[in-house]
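Subject: Structure for your review

Hello,

The structure is pasted below, and my notes follow it. Please read them alongside the model.

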Amino acid sequence: MSVATGTDPIGVKHSGAQPRVERDWANAILNGYVMVFFAVMFLPLLFMIAAAFNASPTPSITDWQGFTLRWFRELPNDQRMIQGLWHSLIIAAGVIVISIPLGLSGAFILTRMRSRGSSLLYTVLVSPVLVPGIILGVTTMIFWRDFFGVQAGLFTAMAAQSSFIASYCMLMFMARLQRQDRVLEEAALDLGASPVMVFRRITLPFLMPTILTACVIAFLQSIENYNTTFFAIGGSWTLVTEIGSRMRFGLSPMINAIGVIFVAITIIVAVTHTVVTRKRA
Amino acid sequence: MRGQDVFLDGVKMTYPNGFTAVHETELMINAGEFFSILGSSGCGKTTILRMISGFLDPTAGAISIGGVKMNGIGPNRRPTALIFQNLALFPLMPVWENVAFGLEARGVPKAKRRQRAEELLELVALYGQADKMPTELSGGQRQRVAVARALAVEPAVLLLDEPLSALDLKLRQHMRAELKEIQRKTSVTFIYITHDQGEALAMSDRVAVMNEGRIEQVATADEIYNRPQTPFTATFVGEQNVFTGKVTSAVGNEVAVETRHGTLYGVNRNDLAVGDEALVMVRPERIGLLNGEAGDPEKMVQLNTLSARLQRRDLEGALINLYLTAGENDIHVNMHNTGDEASFADEMKLAFRHRDTVIMRPGSIARDRA
């Protein structure tokens, strides 16, 4: 190799590209890794979906007894499941209604009113994310029962979930607010807008995409939550806690059918969200 | 729209960290005037602007607009409108809603708002752009939207915080003329903050030069340039060749200063007395070359002369810059390109009129010019 390698006749340096053989190897390894990654992620899901259409009375894909929609048809007749789904949706709606305003106000306090107490307040407000879900569930249940005489049920489940979901929302709102150009609010104020109008016309539209995202995340977090809900809900149940308790008595492919519906809903919500936010941007 | 006067009565601003951005200031800005505050960054000019617009409360003194004290009145209830340095157009609203925002805040119905926005857009030569988003406009167009938006609230005082600094030179010069024209049409009081002396001198009825929280001089542009009152103003606005010396005679309105380069004469505007330390200043374009035949005896009497050695000659097209040294003084001479190339010798005799020579007591000199 000569000393001049990497420099062409007019003295311009090459951008340091790797030799072709090495690059091929790197690509092969990367491709292999990506394939394994996706297999680990999605193969169980595919098996789960396939088992939902198998006529075998226990979930299986190896013991294929023919294609059927029976498990989907049986689903509406299972009153406990339907009731659980209904509970899940009520709780999720409540969690959104509680978490968005709480998260938003926390984010405003932490980004706008910086003081010596800010970092302490931040730690306190974020801590529910770090506390194990069981503890959140149990403490919420006890707190409401002992201090307010509220029996464990849908409301306590809602409160317990909101305690950590609101923190997630707050973190998202903080990230957005930190990127805001405060001069816009000053400009609006200077043009005669009241603080309420500044919030309604300037700050809120700026936050809207994040509010939308936070709603979706809060909804998904709430629907799929098991441990916090299980300990806070008392005698009531959600779809997820119901599935959990049935695990003890052996599985029915009906649970796979529910899984298929959930996967479908998740994909639809995610795609809709992407489309909507892309239109706004 | 009718402009109102702005009066700063002993206004002072000290920030909580103890830094005094503006020292006690008296300033009267007349109604309908195009007034500029010129100074380098950190001199306190933006603080003054934010106090007038109501975003900052002065720690002492009072600001009156149209004779009404503004203490405790928020920015949304003052008869002022501010054009921000980065314009601060609302990115999520179309142009017309931006322009009509102030009217929306005042509860004007939508159809009326739209109509008024169209009128204002016409005033700033943006007719037909009402439904575009701000990001779809060019820099100069966005600039004009900001002006229209500020004018929509019919302010008595329009405050402009270096609004042209983001534009390129050509556009900036064009916008200067437009702003001046809009000011003339509307007769609103314009208070223009800038670090660019070209802008300040070209547009303003009067200019205030600021340095380290104090106003050094308030005067017309000609006055500031030709008859600066402080060494800072003299050196911050335009360029100066500065010599130091001691006053040897002060008779009538003429003062003579003994310098290393001989005695230099000028008009005694600053009441200097014999024995005072003095700065002698002359602008590069006021210095001429003295060659053999320039001997009109009557004019000779009024000329200061100086020998200098030519170091460098830069041709700038219509102008020629000569860089010379006389002893340890660097001298810059700026002359018209007359095509007479032979006139530049190594050793040259320079001359400048007494009346172009500014003489004053020493003081702080601008380190970087506007």
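**Sheet in chain B**

Leu159(B) stands opposite Ile191(B) in strand 8 of chain B. This is a predicted model, in which local features need pLDDT of at least 70 and side-chain atom pairs count only at pLDDT 80 or more, while totals for chains, interfaces and linings use all residues. Residues are numbered from 1 along each chain as its sequence is written, with chains lettered from A and ligands numbered from 1 in the order in which they are written.

Strand 7 (residues 157-161) and strand 8 (residues 189-194) of chain B pair in the parallel sense over five bridges. Strands (E, at least two residues) and helices (H or I, at least four) are DSSP runs numbered from the N terminus, and two strands pair if DSSP finds at least two bridges between them. Six strands of chain B form an open sheet of mixed pairing, in the order 6-7-8-3-9-10. Strand 6 (80-83) and strand 10 (214-219) of chain B are at the edges with a single partner strand each, so one side of each has no neighbour in the sheet.

**Contact between the chains**

15 residues of chain A are in contact with 17 residues of chain B (contact: C-beta atoms, placed from the backbone, within 7 Å). On the side of chain A that touches chain B, helix 7 (182-190) and helix 8 (195-224) of chain A each supply at least two residues. Helix 7 of chain A gives the most to that side, with seven residues.

Regards

How values were computed. Two residues are in contact if their C-beta atoms, placed from the backbone, lie within 7 Å.
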